[in-house]
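Dear colleague,

Please find below the structure that I am handing over to you.

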Amino acid sequence: MDEQAKKTALRGITYGLYVIGTKVGDDVNAFTANWVTQTSFNPPLVVVAAKKGTTSCDGIKSSGVFSVNVLETGQKDLAFAFFKPVSRVGNKFGDIEFYTEQTGSPILTDALSWFECKVVDVNERGDHTIFVGEVVNAGVHRQGDPMTLRETGLNYGG
């Protein structure tokens, strides 16, 4: 296989950028992800991937729930805040406010919209764990255009 062709082709896949919230015991955690897609209308199912061996991946496995915070175009700083581990104090990750709903997973106050899922299937392949989640709750904070990975100048794939 031509490695450069593979990398170029895989980088042609378009991605949004999201903050995935998890419930870890009595605590919460969040991370930035770009691998999220809807896989079914009825029931409403989405797929999220989390890197194996991380607090977030382990949290989704143990709790069986997660939230997806849809970021708005221009929220690069918010996305980048969750590329590294963040500390929680009360209802904030640093100065980023969140609240919880049905699953107890964090919902970012500044997100464009959000939904919560209960895990219905897990697939462990490669260096990520794939979680299939059934949407059990959703909300919209405001209208706007969702953020894409491309606007950050980053690439995924290859």
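Rings of Phe, Tyr and Trp (its six-membered ring) count as a pair if their centres lie within 6.5 Å; planes under 30 degrees apart are called stacked, over 60 edge-to-face and the rest tilted. The structure holds 4 aromatic pairs. In one of them, F82 and F93 have ring centres 5.5 Å apart and planes at 90 degrees, so this pair is edge-to-face.

The model is a predicted one, in which local features need pLDDT of at least 70 and side-chain atom pairs pLDDT 80 or more, while totals for chains, interfaces and linings use all residues. Residues are numbered from 1 along each chain as its sequence is written, and side-chain values use heavy atoms, without hydrogens and water.

F82 is buried at 2% relative accessibility (buried means under 20% relative accessible area, exposed over 50%, partly exposed in between, with a 1.4 Å probe and protein chains only). F93 is likewise buried, at 3%. The rings of F93 and F98 are stacked, because their centres lie 4.8 Å apart and their planes are at 25 degrees. F98 counts as buried too, with 4% relative accessibility.

Q102, by contrast, is exposed at 53% relative accessibility. Its contacts (heavy atoms within 4.5 Å) are E116, V136 and N137, leaving aside residues up to four places away in sequence. Between the C-alpha atoms of Q102 and T22 there are 12 Å in space, and the two residues are 80 apart in sequence.

Yours sincerely
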